[in-house]
Amino acid sequence: MENKQGKTPQESAVETRYLLMPQHANPKGTAFGGVIMSWIDMIAGLAAQRHTGCDVVTAGIDSLSFKEPIRIGEHVTLRASVNYVSRSSMEVGVQVTRENPYNGQKTIATTAHLTFVALDENKKPTPAPPILPQTPDEKKRYRNAELRVKSRKELLKKMQQNETEKKD
Ligand SMILES: CC(C)(COP(=O)(O)OP(=O)(O)OC[C@H]1O[C@@H](n2cnc3c(N)ncnc32)[C@H](O)[C@@H]1OP(=O)(O)O)[C@@H](O)C(=O)NCCC(=O)NCCS
């Protein structure tokens with residue numbers, strides 16, 4: 001794999017913009033959650049692929065918070081960056097902003113954290129290059145992601161212990 005030396009979050013960050021059209025909306029005229037989720041998955045995957053330089057798959061969506069509705073005609077900006085790398089897995093954070101096209105007012109509409117796994121030529125998990133946070137914001141996102149990853153792993157372990165005890 002290329003670039004085992006690692007990359008900064010900025011080097012693989014991705015930003016894109018959509019116009020919310022009627023086909024993206026629910027009957028109330030605001031964004032359909034499934035459409036926003038697919039945009040989030042796509043941009044997060046692009047950031048993970050730019051970071052690793054190899055194939056990646058979505059292993060899970062760890063958090064998704066719809067904070068504000070987005071209306072037809074508004075601009076939708078998505079920003080994704082790699083927050084944290086474990087071994088083959090990495091957390092990507094996505095922020096979705098709605099923008100009023102007439103006055104430029106911006107509001108964070110949705111936030112999400114997703115886990116992607118880097119795959120080798122045989123489609124097996126392979127180590128991802130380290131992430132090298134530089135700015136205070138990037139370092140904060142790294143520390144918070146590390147906490148989320150650790151607590152997810154601890155929760156999984158406890159649930160597996162529960163299952164074992166149930167069988168005994
Ligand atoms: C994700 C996947 C590759 C993991 O494969 P696996 O054989 O379970 O591999 P491992 O147990 O060795 O785990 C590999 C890594 O994935 C992580 N992982 C596995 N399942 C996970 C999950 N549900 N959520 C978060 N991380 C997960 C592990 O913690 C491990 O991380 P690490 O290497 O950083 O320590 C496999 O489950 C898969 O292919 N899933 C389907 C993916 C898919 O189709 N996505 C939708 C379309 S892109």
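The expected span of a helix is 1.5 Å times one less than its number of residues. In this predicted model, local features need a pLDDT of at least 70 and side-chain atom pairs count only at pLDDT 80 or more, while totals for chains, interfaces and linings use all residues. Residues are numbered from 1 along each chain as its sequence is written, and side-chain values use heavy atoms, with hydrogens and water left out.

The protein chain has three helices and five strands; helices (H or I, at least four residues) and strands (E, at least two) are DSSP runs, numbered from the N terminus. Their pattern along the sequence is α-β-α-β-β-β-β-α.

**Overall**

- The C-alpha trace of the protein chain spans about 55 × 45 × 35 Å along its principal axes.
- Of the 168 residues, 39% count as buried; buried means under 20% relative accessible area, exposed over 50%, and partly exposed in between, with a 1.4 Å probe and protein chains only.
- Among contacts with a separation of 6 or more, 72% are between residues 24 or more positions apart; a contact means heavy atoms within 4.5 Å.

**The sheet**

- Five strands form an open sheet in the order E1-E3-E4-E5-E2, and the pairing is antiparallel. Two strands pair if DSSP finds at least two bridges between them.
- Strand E1 (14-19) and strand E2 (55-66) are the edge strands, each pairing on one side only.
- Neighbouring strands of this sheet are turned by 25 degrees against each other on average, direction ignored. Axes are lines fitted to C-alpha atoms, for helices over the stretch in contact, and angles run from 0 to 180 degrees between N-to-C directions.
- E2 and E5 run antiparallel and are joined by 10 bridges. Ser65 has Thr111 in E5 as its bridge partner, and Thr58 stands opposite Phe116 in E5.
- E4 and E5 also run antiparallel, with 11 bridges between them. Thr110 in E5 is the bridge partner of Val96.
- Six residues lie between E4 and E5 in the hairpin that they form, and Gly104 in its turn has a positive phi of about 75 degrees.
- Of the 14 residues of E5, 11 are buried, and the strand is mostly covered.

**Helices on the sheet**

- The 20 residues of H2 should span 28 Å at 1.5 Å a residue, and this agrees with the 28 Å between its end C-alpha atoms.
- H2 lies across E1, E2, E3, E4 and E5, at about 45 degrees to E3.
- The buried residues of H2 include Val35, Ile36, Trp39, Ile40 and Ile43. The buried residues of this helix pack against helix H1 (9-12) and against E1, E2, E3, E4 and E5.
- Just after H2, Gly53 takes a positive phi of about 70 degrees.
- Helix H3 (residues 136-167) lies across E2, E3, E4 and E5 and runs at about 70 degrees to E3.

**The nonpolar core**

- The largest nonpolar core has 30 residues, and Met90, Val92 and Val94 have the most contacts inside it. Such a core is a set of buried Ala, Val, Leu, Ile, Met, Phe, Trp, Tyr and Cys residues joined through side-chain atoms within 4.5 Å.
- Helix H2 (33-52), strand E3 (75-85), strand E4 (89-99) and strand E5 (106-119) each give two or more residues to this core. The largest share, eight residues, comes from H2.
- In soluble globular proteins, nonpolar side chains tend to be buried together.
- Not counting residues up to four places away in sequence, Val92 touches residues including Ala44, Ala47, Ala48, Val82, Leu114 and Phe116.

**Two residues in detail**

- His51 lies in helix H2 and is buried, with a relative accessible area of 0%.
- The His51 side chain reaches the backbone oxygen of Pro129 at 2.7 Å.
- Leaving out residues up to four places away in sequence, His51 touches Lys7, Ser12, Val82, Val85, Met90, Pro129, Pro130 and Ile131.
- Lys106 is found in strand E5 and counts as exposed, at 55% relative accessibility.
- Lys106 touches Thr97, Arg98 and Glu99, again not counting residues up to four places away in sequence.
- Between Lys106 and Phe32 there are 19 Å in space, C-alpha to C-alpha, and the two are 74 residues apart in sequence.

Key
A polar contact is a pair of N or O atoms within 3.5 Å; within protein, one must be able to donate a hydrogen and the other to accept it, and residues adjacent in sequence count only if both atoms are side-chain atoms.
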